[in-house]
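This report describes selected structural features of one protein chain.

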Amino acid sequence: MLKKKNTLTLKVLFNLFFIINLLIISGLINSSWVSLLIWITLFLCIYASKISFSKKKWIAVICITIFSLGIKSSLKTPFIIEGSNVFIGGSFEKNVFENELPTVVYEHLNNDFIKKFPKNIAAPSDYLFDNAVTKFINKTNESRLVKTIAWKNRNALQLSAFNNTKYNAYGDQQPERKELPYFVKYTIPIELINNSSKLCWKGEAYFHLEEYKNISHPKKECVSIKKYFSKTRKNLTVWFIETGITPKLEVSLKPKQSISIKNLLSKYTIFLLSIISCFIIYKNFNRFNVFFFSFSFLFSILLMYLYQPSILDKFLLFEGGNDGLLYVHFAHLIIDSLILNDYVEAFRGGENAYDLMPFYRYFWVLNYILFAESPWIIFFTIVFIPLVVFSILRNLLGKSWALFLICCWYFIPIFEAFGFFHFYYIKLAMRGFAEPLSNLFFLLSIAVIINIYKKNNNVIADEKIAYIIMSICLSMALGLRANILPAFLIVVAYIFISLLNQKQYKGVLFFALGLSPTLIMPIHNFYFTKEFIPLTIAAYKDWNLGAKPIDYIMLMISFIKFNIDLSLLKKITSHISGEIKLYEVWYHATIFSTMYISIDKKSDKIIRLISWATLSLLSLILFYHVGGRYSYLTWTLSLIVFSYWLKNNLVPFLRKLKKSHAS
């Protein structure tokens, strides 16, 4: 057994090393449900168990990793080339589709497009085939390389062009993105084919023989495809189209049995080896944590399906005009630049100055590199948030209070006004907003601080890795949503002062190191605009400001001069009352309790820190429109402080009052 003094650092390093092993086993750009199960199992193990330091177990895991590479090598099968894109027809000066699509395919698509979408506002793509994210690793002149063909609808095809802002039509404009015409070309190598091989589809297909042959299937039917191979070619090319008038496409390939067996063996052997590795290296599972994590995952999937059933296709078509669509589009632009090795354009990330959610696009890039178009980042975010909230509540309020509040989070929307409801986060995450992920990172930083203080008798632990974890979480939270800046500054200042008071100067350096990602924002903005913009340009937009700081200054001056500016007074009061209504007593109660805790020296240090962070976010109400999703973190923190005040101040006072009356 390994013995080290710095156990937290050792745990983090060993977990990181195991994750690298798991990546080698499962591979990058794995978009299958199997990949989700592998990663969920890993996170379950990290959350509910302890990592082993046994040399024998680590040797076993390394052997499994090496064995998986041998399995992958021995079970290799030929790739199928896929080329796909959204089709926009009509009369245009430059139309890549007219020039490069087979004439018969183009004419069918174009004629149907003109009939179906007479109010078209979109222009055709500049390139024939859309870039799939897999081109980042598996290079091809078309969209991507695939091992199998099996999709039942357009969502299951996972065509990234469906989430391109170029096709963002509104109202009665056409075409709607959910009805965009598209085409898919498959180049099937002869190695996959024998007498039993079949190609099955519903919709329109064009086989490239001596001439193009159109075969239409109103219902899904299978054909033996060996007879379509030409003796002069080593592959078969088939084009499939969906125009909005033709039947909706559904395509699958049944290759020769040996290929199918190899693909299945490769897929499920990788899954099995990954799961075995997890259960070798993790031990001492906590039953409650296993149940809680499993419940959070399964319940989240259920709610996600109820909100948007297309999640079962492993693809989300983001709403037009929404942040989600814009930022996944930016992420695809970054991937396109990485494919071309244009790293400056990749860093630009779609805009010269960050507007709303600087880091969100990069998280989607990470998702694409790991899971292609499957939105597993949303699954992880939604599953983890209640786990982190429960950790904070349990450490501050005790298990009984925490269980009650977390039940309200999942099932009982009595605190929904505080954004304290699981289904709200599911809707936000699935619509592509960054608030759930930003809130997760901020709450995680608070949870880490609480755990460190509890374990070290209210003194920051002398483990440098703890400072890096805290500060990286804070950096990510700020980079995802810059409007948490006041709370960010409060927590950062508190940690720095605490470290300096304890003379932990190395800790200051490590904490500052974890904060360094925040420098990406001003560096990016200055590089591309030559202007100093610390975070985002949204803070300077008039539409986002309900009342400017200068308005308050001028109003105060008018009071001092006994010449009250009624128009300014009306503007300010109208703005504040628009953010918090007079009858919303639940908000007022939490504000007053937060103010009380913030100055109560008898209260726990961390709850006072949370109260200061909460008040700093509440101060934004004086200036900005911060209702709805923008205020979920603010009101959730205030609810935590309010619950602490109830338990530790109001309840003891009422008991004491009752006891004095009884006597």
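The expected span of a helix is 1.5 Å times one less than its number of residues. The structure discussed here is a predicted model.

Helix 2 comprises residues 33-48. Its 16 residues extend 22 Å from the first C-alpha to the last, close to the 22 Å expected at 1.5 Å a residue. The helix is mostly covered, with 12 of the 16 residues buried. Among the buried positions are V34, L36, I38, W39, I40, L42, F43 and L44, together with S35, T41, C45 and A48. The elements that cover these buried residues include helix 1 (7-26), helix 7, strand 10 (282-283), helix 8 (287-307), helix 11 and helix 12.

Helix 11, one of the elements covering helix 2, spans residues 360-371. Its 12 residues reach 16 Å from first to last C-alpha, close to the 16 Å expected at 1.5 Å a residue. Helix 11 is likewise mostly covered, since 10 of its 12 residues are buried. After helix 11 comes A372, which has a positive phi near 55 degrees.

## Nonpolar cores

The largest nonpolar core contains 152 residues, and within it I378 and F442 touch the most other members. Helix 12 (residues 376-397) gives the most to this core, contributing 17 residues. A second, separate core has 51 residues, including I149, W151, A205 and I241.

With neighbours within four places in sequence left aside, F442 is in contact with L474, A477, I484, A487, F488, V491, A613, L633 and L637.

## Strand 9 and its partners

Strand 9 covers residues 250-254, and four of its five residues are buried. It pairs with strand 4 (residues 150-151) through two bridges, the two strands running antiparallel. Strand 6 (residues 198-208) also pairs with strand 9 in the antiparallel sense, here over five bridges.

V251 of strand 9 is the bridge partner of W151. W201 also stands opposite V251.

E435 belongs to helix 15 (residues 435-455). Is its side chain's setting buried or exposed? With a relative accessible area of 2%, E435 falls under the 20% limit and is therefore buried.

The side chain of E435 makes polar contacts with two arginine side chains: that of R481 at 3.3 Å and that of R629 at 2.9 Å. Not counting residues up to four places away in sequence, E435 touches R481, R629 and Y630.

## L265 in helix 7

L265 lies in helix 7 (residues 257-281), which is among the elements covering helix 2. Its relative accessible area is 44%, so L265 is classed as partly exposed, between the limits of 20% and 50%.

Leaving aside neighbours within four places in sequence, L265 is in contact with L75 and I270. The C-alpha atoms of L265 and I71 are separated by 9.0 Å, although the two residues are 194 residues apart along the chain.

Terms used
Residues are numbered from 1 along each chain as its sequence is written. This is a predicted model: local features need pLDDT of at least 70, side-chain atom pairs count only at pLDDT 80 or more; totals for chains, interfaces and linings use all residues. Side-chain values use heavy atoms; hydrogens and water are left out. A nonpolar core is a set of buried Ala, Val, Leu, Ile, Met, Phe, Trp, Tyr and Cys residues joined through side-chain atoms within 4.5 Å. Buried means under 20% relative accessible area, exposed over 50%, partly exposed in between (1.4 Å probe, protein chains only). Contact means heavy atoms within 4.5 Å. Two strands pair if DSSP finds at least two bridges between them. A polar contact is a pair of N or O atoms within 3.5 Å; within protein, one must be able to donate a hydrogen and the other to accept it, and residues adjacent in sequence count only if both atoms are side-chain atoms.
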